[in-house]
Amino acid sequence: MLSTPAVLTSLAGRFTTLKAPAVDAPPAQHDPAVASRVRQMLLDIEAGGMDAVLKHAAELDRWDGRDVELSPADIAKSADALPRDLREAIELGARRTQAFAKVQRNHLVDVETELEPGLVVGHRYIPVGRVGAYLPAGRFPLTASAFMTVGVAKAAGVGDVVACTPPQPDGRANPAVVYAAHVSGVDRVFVLGGVQALAAMAFGLVGDGPVDMLVGAGNAYVAEAKRQLFGRVAIDLPAGPSEVAVIADETADPVLVAADLLGQAEHGPTSPAALVTTSHALGVAVVAEVEKQLATLATRDIAGPAWRDFGSVLVADDRETAATLMDDLAPEHLEVQTADDDWYHARLRNYGSLFLGEASTVAYSDKGMAGTNHVLPTAGGAKHSAGLSVSRFLKPLTYQRVTQEATPLLATAVQVISDSEGMAAHSATATLRTARWSA
Ligand SMILES: NC(=O)c1ccc[n+]([C@@H]2O[C@H](COP(=O)([O-])OP(=O)(O)OC[C@H]3O[C@@H](n4cnc5c(N)ncnc54)[C@H](O)[C@@H]3O)[C@@H](O)[C@H]2O)c1
Ligand SMILES: N[C@H](CO)Cc1c[nH]c[nH+]1
């Protein structure tokens, strides 16, 4: 989440900086050292196959020789290790996320229309065949990620969904992550993390062959591996280290704003958190409140450095300036806590997901309870991409049907354009038909 210098210059005099990030660095997933490490690992795995996957798993994730695939019985009994309230929360999140995905699916309709007499065109939504879902579980096991990837792929009608998740310190997969994948309809689960997991799925080293698409969020190595594998397989979007931004005015509660900034800074020491406010007093109160909450936060060793190094507070002269600054940041998660929420909703253009009003907070979506997807674009990706949704798993495949009588409506112009381009074979496909059916 970085401001564009040209935008800051164009807004000069219309905002002030109350807190700047201490570190002036590109987002972690744009780090050239990460890109080169990932390139080396992918080359190594492509050449060395499963042996190379397991070598990296041993080096990075303490793989101890056990089978990396969970049996169907292991997957089914993952629930046994979980307390009842956690099982029920997982089932609720899976249901709610799939419910919204199915509503979205039902709004993607096949179309067929007669553009001109005898010229019929249309599209049909066909699901991707095989999907590989990455379920992050490095620093924290992100239980709900399976709802967003496995569950939404299944809502789209994807037949084969394999999942990879890194081992925990005891060498096993996190049971809550596995149960979330199970209730979301996963077909096979492998206990592999990071680059080696994505490479294994893309190269067909696990499962029933190479996947057609890799989905799911993760750290900078995961995001970069997906980026480098794009082309060989499809990917969902660039979804790297989590980010949060808040637009707030004088009506916002600094306690809630500070809590919500720390709620995402907790993901990792490079997770950015930004406040853009039209109230200087609110900005000052939030900075003080963040420090107060950090003093007793169990994860202050992560959230504290993240806030210090990548936290920012800007005070904008007016709401238009606030919206322009925010559209430039294009944050993954954007909360709006103002007296003008509807104005911001209509005006804002770049965000992964929007949280309107102080009663709505990012963690509700993070954990699957809002029903929306939490795999969202980071590092400015919201300028060009939306978050993962059921539509990403569906290909709107077009078709056309032409009657003999409609031939002149197409063939004459195709011949003219093809001849002007010097494409004789193209021209012939039209002239042959004209000769047969336009006489
Ligand atoms: N943008 C989104 O939609 C979204 C959603 C959920 C989570 N996230 C992000 O996912 C991330 C999860 O990260 P995590 O690290 O906790 O778990 P992770 O599962 O993404 O990554 C863990 C893996 O990283 C690999 N790794 C660690 N150090 C490495 C190195 N030096 N070289 C190569 N590989 C290495 C290991 O193999 C390990 O298994 C967080 O940054 C979180 O913010 C983003
Ligand atoms: N905030 C993450 C998306 O960036 C998703 C998540 C789930 N749990 C915690 N976080």
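Two strands pair if DSSP finds at least two bridges between them. I kept that rule in mind for what follows. The model is predicted.

**Entry 1: sheet with S11 and S12**

I began with strands S11 (residues 273–277) and S12 (residues 311–316). They pair in the parallel sense, over five bridges. I looked for a facing pair and found leucine 275 opposite valine 313 in S12.

Then I traced the sheet. It is open, has six strands and runs in the order S1-S12-S11-S10-S13-S14. Its pairing is mixed. At the edges I noted S1 (15–19) and S14 (353–356), each pairing on one side only. From one strand to the next the twist averages 20 degrees.

What lies across S11 and S12? I found helix H11, residues 300–310. H11 runs at about 45 degrees to S12.

**Entry 2: sheet with S2 and S7**

I turned to another open sheet, with six strands in the order S2-S7-S6-S5-S8-S9. Here too I noted mixed pairing.

S2 pairs with S7 (residues 188–190) in the antiparallel sense, over two bridges. Glutamate 69 faces phenylalanine 190 in S7.

**Entry 3: domains**

I listed the domains of the protein chain. Domain 1 covers 5–27 + 241–371, domain 2 covers 32–237 and domain 3 covers 403–437.

How far apart are the C-alpha centres of domain 2 and domain 3? I noted 46 Å. The two do touch: four residues of domain 2 are in contact with five residues of domain 3. On the domain 2 side of this contact I counted two nonpolar residues, one polar and one charged.

**Entry 4: ligand 1**

I looked at the 31 residues around ligand 1. Which come nearest? They are Gly138, Gly193, Gly194, Ala217 and Gly218.

Next I sorted the shell by class. It has 14 nonpolar, 13 polar and four charged residues.

I asked which helices contribute. H2 (32–61), H7 (194–202) and H8 (220–229) each supply at least two residues. H2 gives the largest share of the shell, three residues.

Why does ligand 1 lie between domain 1 and domain 2? Both domains give residues to its shell, so I place it between them.

**Entry 5: ligand 2**

I read off the surroundings of ligand 2. They are Leu142, Ala144, Ala217, Ser242, Gln264, Glu332, Asp366, Lys367, His374 and Leu376. By class I noted four nonpolar, three polar and three charged residues.

I then checked the domains. Domain 1 and domain 2 each provide at least three residues of this shell.

**Entry 6: H15 and H16**

Last, I took the helix pair H15 (residues 407–421) and H16 (residues 424–437). Their axes come within 8 Å and cross at roughly 145 degrees. H15 passes H16 in a left-handed crossing.

I listed the contact residues. H15 brings Thr407, Ala411, Thr412, Val414, Gln415, Ser418 and Asp419. H16 brings His426, Ser427, Ala430, Thr431, Arg433, Thr434 and Trp437.

How does this contact divide by class? I noted four nonpolar, eight polar and two charged residues.

Terms used: Residues numbered from 1 in each chain as written. Chains lettered and ligands numbered in written order. Predicted model: local features only at pLDDT ≥ 70, side-chain atom pairs only at ≥ 80, totals over all residues. Near = placed C-beta within 6 Å. Helix = DSSP H or I, 4+ residues; strand = E, 2+ residues; numbered from the N terminus. Nonpolar A, V, L, I, M, F, W, Y, C, P; charged D, E, K, R; others polar. Domains from an automatic or database assignment. Axes fitted to C-alpha atoms, helices over the stretch in contact; angles between N-to-C directions. Left-handed = near helix turned anticlockwise from the far one by under 90°. Contact = placed C-beta atoms within 7 Å.
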